[in-house]
Amino acid sequence: MCGIVAYIGPRQAYPILIKGLHRLEYRGYDSAGIAVLNSELKLYKTRGKVANLEEAVKDKDLSGTTGIAHTRWATHGEPNDVNAHPHFSYSKNLAIIHNGIIENYAPLRNELIKRGYKFISETDTEVLIHLIEDISINEKVPLPEAVQIALNQVVGAYAIVIIDKNDPDTLIAARKGSPLVVGVGENEFFVASDATPIVEYTREVVYLNDEEIAILHRSHDLRIKTITNIEKTPYIQTLEINLSALEKEGYDHFMLKEIYEQPRSIRDSMRGRLKAREGIVLLGGIIDYQQKLMNTERIIIIACGTSWHAGLVGEYLFEELARIPVEVEYASEFRYRNPVIFENDVVIAISQSGETADTLAAIELAKSKGATIIGICNVVGSSIARATHAGSYTHAGPEIGVASTKAFTAQVTLLTLMALMLADSKGTISKSRFNQLLHELDDIPGKVEETLKVNPKIIEIAGIFKNSRNALYLGRGYNYPVAMEGALKLKEISYIHAEGYPAAEMKHGPIALIDEEMPVVVIATNKGTYEKVVSNIQEVKARKGKIIAIITEGDETVKDLADHYIEIPETEEMLVPLLATIPLQLLSYHIAVMRGCNVDQPRNLAKSVTVE
Ligand code: AGP
């Protein structure tokens, strides 16, 4: 939530900042702003997208080699020009950009008001910059020290960058709970919420840790110290992001590109880990914890949103293959309900962004009770990846569309590999069955490619249902999480109300919703419970609901029953989520496009949810 980008060095800052904002816009897009220093500290901000800001400043002189910029997802104060970042300090000598929430902003604000400060915006951020300036003036300390003192008084999360009109050679950045990366170039520094605005200028980066302050001086080395004044040696890492991954490459939207990338992203998730011919699954990142996983009596999976749906697929996989009991928890519920956690528990935290605040807090809670934490993350170096004891990256590549697609299938792939690895080492599966599953998993990228060929048919179906007001998604077993994921995709990008349900639960309530207007998407590929799913379809038809069925190639029974059908290649039941999800992603995508919705940046959403 909120994107931060800053630059100091020999180049003109504006082009770097504006391009960086476009790259970060998926993090928040209700307002944007920029401040550039060139003897004067010029600051412009507007409601709406980065393009609005670009338009607003097109005739302004924004020359200067030091600058900060921000794209916002509002927490405190409505999205308007005034609440947009950057925010000036009282004297207008300082300006700040901020991602996160200052939880104790109200008492700090009241205290500052008593001391004569006036506030222009409703934001918590303005409180912080006034506080920093107040400390620097009254305690007569240099800015880095004032920042340090102020951050010790702050409760909450922050990633900030501060620019000082009286010191054009320095930027100050700090983080706690919200991500911040410093790019290190030749006599120049870049700061951003993630590496995407930095990668085309330098591949050398330092990920700041919580409560660290970076002092970026134009002609000095990077200096990092903690808010308790401990000097830190910067740990420089090399980025491995491919620049083309950040472009649409001819697709109309990132979401469509990311849907089509899935044969590749699933293959990359398995690369070097699945050796079907040799009968080996090897997850290097968790090998040291394999024994722990084998001996655990329980796995708890924590995640949010789409990642939570992947976790549900994981539950079925671990229980079926490795015979380990699994609980899947919303991280936001888990962290606040005083859960029973044993030292022997293994907690698997799943997150695309690696920055989700609730998941991070749930990890810290489980860690404090002695559990072992395994991460499944997509973003390398992210907070969650660093907070876990061990883990495996999904290697799906940057996911820019706010609606998660390729990250979901990569997470499910990783969970399948983990479950298979455990099943093999625990001996809960026969060697022949293990090898059969490895071969089938190895074939999945090819079958995803086949599945994508249903796109023209999905466009037709989308045209028929684009004006629906509600939709129901039904599935059993492994297809139940797929149904929930399908419904989430539809609601988040097309704003059509949709519910995902276990098919058998329909008659316990949702059946009341069914009439001739209601599209009911049924994932009907199950082998074990095929007849039951067919009965559920009959129940919908009896109430005149419209069936859109996802079926296995050659299934004549459901084909005849359904109003519309989409065929996917045959595979093992436990691998169906990797195929059945694809048409559901495409269906949501096309319906949203036909309704004129902003597919990549749906209203009210942001890509990484770094606030509670
Ligand atoms: C997915 O389409 C959503 N935008 C959202 O539910 C997302 O999956 C959730 O916020 C969790 O994010 P994470 O995987 O980055 O932790």
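Q: In which helix do Glu 492 and Lys 489 both lie?
A: This is a predicted model in which local features need pLDDT of at least 70, side-chain atom pairs count only at pLDDT 80 or more, and totals for chains, interfaces and linings use all residues. Residues are numbered from 1 along each chain as its sequence is written, and side-chain values use heavy atoms, leaving out hydrogens and water. Glu 492 and Lys 489 are 3 residues apart, about one turn of the helix (a DSSP run of H or I, at least four residues), and the helix that holds both is α17.

Q: How many residues surround the ligand?
A: The closest residues of the shell (heavy atoms within 4 Å) are Ser 307, Ser 351, Ser 353, Thr 356 and Glu 492. At least two shell residues come from α9 (305–322), and at least two from α17 (479–494). The number of residues surrounding the ligand is 15.

Q: How much of the ligand's accessible area does the protein cover?
A: On the side-chain side, a polar atom of Ser 307 lies 2.5 Å from an oxygen atom of the ligand. From the backbone, a polar atom of Gln 352 is 2.7 Å from a ligand oxygen atom, while an N or O atom of Val 402 lies 3.1 Å from a nitrogen atom of the ligand. Of the 410 Å² of accessible area (Shrake-Rupley, 1.4 Å probe) that the ligand has on its own, the protein covers 91%.

Q: How many residues apart are Asp 358 and Arg 335, which link distant parts of the chain?
A: The side chains of Asp 358 and Arg 335 meet in a salt bridge of 2.6 Å, N to O. Asp 358 belongs to helix α11 (residues 357–368), whereas Arg 335 sits in the loop between α10 (331–334) and β20 (346–351), a strand being a DSSP run of E, at least two residues.

Q: Why does Lys 559 count as buried?
A: Lys 559 forms a salt bridge with Glu 567, with the closest N and O atoms 3.6 Å apart. Lys 559 counts as buried because its relative accessibility is 18%.

Definitions and conventions. Polar contact = N/O pair within 3.5 Å; in protein donor to acceptor, adjacent residues only side chain to side chain. Salt bridge = Lys/Arg side-chain N within 4 Å of Asp/Glu carboxyl O. Buried < 20%, exposed > 50% of the residue type's maximum accessible area, 1.4 Å probe, protein only.
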